[in-house]
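My entries follow in the order I made them.

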Amino acid sequence: MSGNIRLLSDTLARAKSEDRAALVAYLPAGFPTVDGGIEAIKAVFDGGADVVEVGLPHSDPVLDGPVIQTADDIALRGGVRIADVMRTVGEAHRATGKPVLVMTYWNPIDRYGIERFTAELAEAGGAGCILPDLPVQESAVWREHAEKHGLATVFVVAPSSRDERLAEITAAGSGFVYAASLMGVTGTRESVGAQAQDLVGRTRATTELPVCVGLGVSNAEQAAEVAAFADGVIVGSAFVKRLLDADDHAAGIAAVRALAGELAEGVRKR
């Protein structure tokens, strides 16, 4: 069975044709529970997200700040497994018809088996994988299996990436390019910063792929700021924080749906 890289590409192209950026949301699988996480993803889509990244919880998430680390810890203590991640992707995609990716560090895939992981992700209807710690020069085997199964391979670029390195990364990637707006870990910030706009410009000089910006966006105003120069706005910690801060599960679901609605308005005010 083939994955949904075409659905991802079409979704991003449709947002561009509407003269807006796409809203890409992130939530970890298994948080606060597997069923609760699936419900939260459906709510985010219902609120206006175009794409969702499902995080595969990891005990040492080097890119993720304290908010996502807390959610990952809750998911891991709850016993989440890769099978639960695949179930989350499948149920979220089937319920909405929208593109769902997995964001994961390399070690879990390496231990699980590349062919097994890509085949199961495609079977679940996944659109691809974001791999923040897989070096491009070591990614050939992964990319071979991902392409065979119709999955996007999304790499992360950073403000520190030199132009030659950007070209190497974007040539190997597919789906879109994840541009980290600043050096550091995920989390909400007061300002996204000018570094992000410069990085998007330098990245676009190397590729026709859409460039989506993450790390730091937490409200509609910041979403509008980033949407003025990026093809997509990625928001993660702000959604997770809404769930963590909620008095109960129902309130959390309502909160993430509302935040998605606010951010969806923001990306349309570019």
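I started with helix H2 (residues 34–47), which lies across strand E1 (22–28), strand E2 (51–55) and strand E3. H2 runs at about 160° to E2; such angles run from 0 to 180 degrees between N-to-C directions, with axes as lines fitted to C-alpha atoms, for helices over the stretch in contact. Helices (H or I, at least four residues) and strands (E, at least two) are DSSP runs, numbered from the N terminus.

I noted that this is a predicted model, in which local features need pLDDT of at least 70 and side-chain atom pairs count only at pLDDT 80 or more, while totals for chains, interfaces and linings use all residues. Residues are numbered from 1 along each chain as its sequence is written, and side-chain values use heavy atoms, without hydrogens and water.

Next I looked up the sheet. Nine strands form an open sheet with parallel pairing, in the order E5-E4-E3-E2-E1-E9-E8-E7-E6. Strands E5 (152–154) and E6 (156–157) are the edges, each pairing on one side only. Two strands pair if DSSP finds at least two bridges between them. E3 (residues 100–103) and E4 (residues 128–130) have three bridges, in the parallel sense. Leucine 101 has glycine 128 in E4 as its bridge partner.

Then I checked helix H3 (residues 66–77). Its twelve residues should span 16 Å at 1.5 Å a residue, and its end C-alpha atoms are 16 Å apart, which agrees; the expected span is 1.5 Å times one less than the number of residues. Which residues of H3 are buried? They are Ile68, Ala71, Asp72 and Ala75 (buried means under 20% relative accessible area, exposed over 50%, partly exposed in between, with a 1.4 Å probe and protein chains only). Seen down the axis of H3, the buried residues fall within an arc of 100°, so they line one face; the arc is that of the directions from the helix axis to the C-beta atoms. Pro66 and Arg77 are exposed on the face turned away from that buried side. The buried residues of H3 pack against E1 and helix H11 (237–245).

I also looked up threonine 118, in helix H6 (residues 114–123). Threonine 118 counts as buried because its relative accessibility is 0%. Beyond neighbours within four places in sequence, threonine 118 is in contact (heavy atoms within 4.5 Å) with Trp142, His145, Ala146, His149 and Leu151.

Last, I checked pLDDT, the predictor's confidence in each residue, from 0 to 100. The chain averages 93, but pLDDT stays under 50 over residues 183–189. Where pLDDT is low, the predicted coordinates should not be read in detail.
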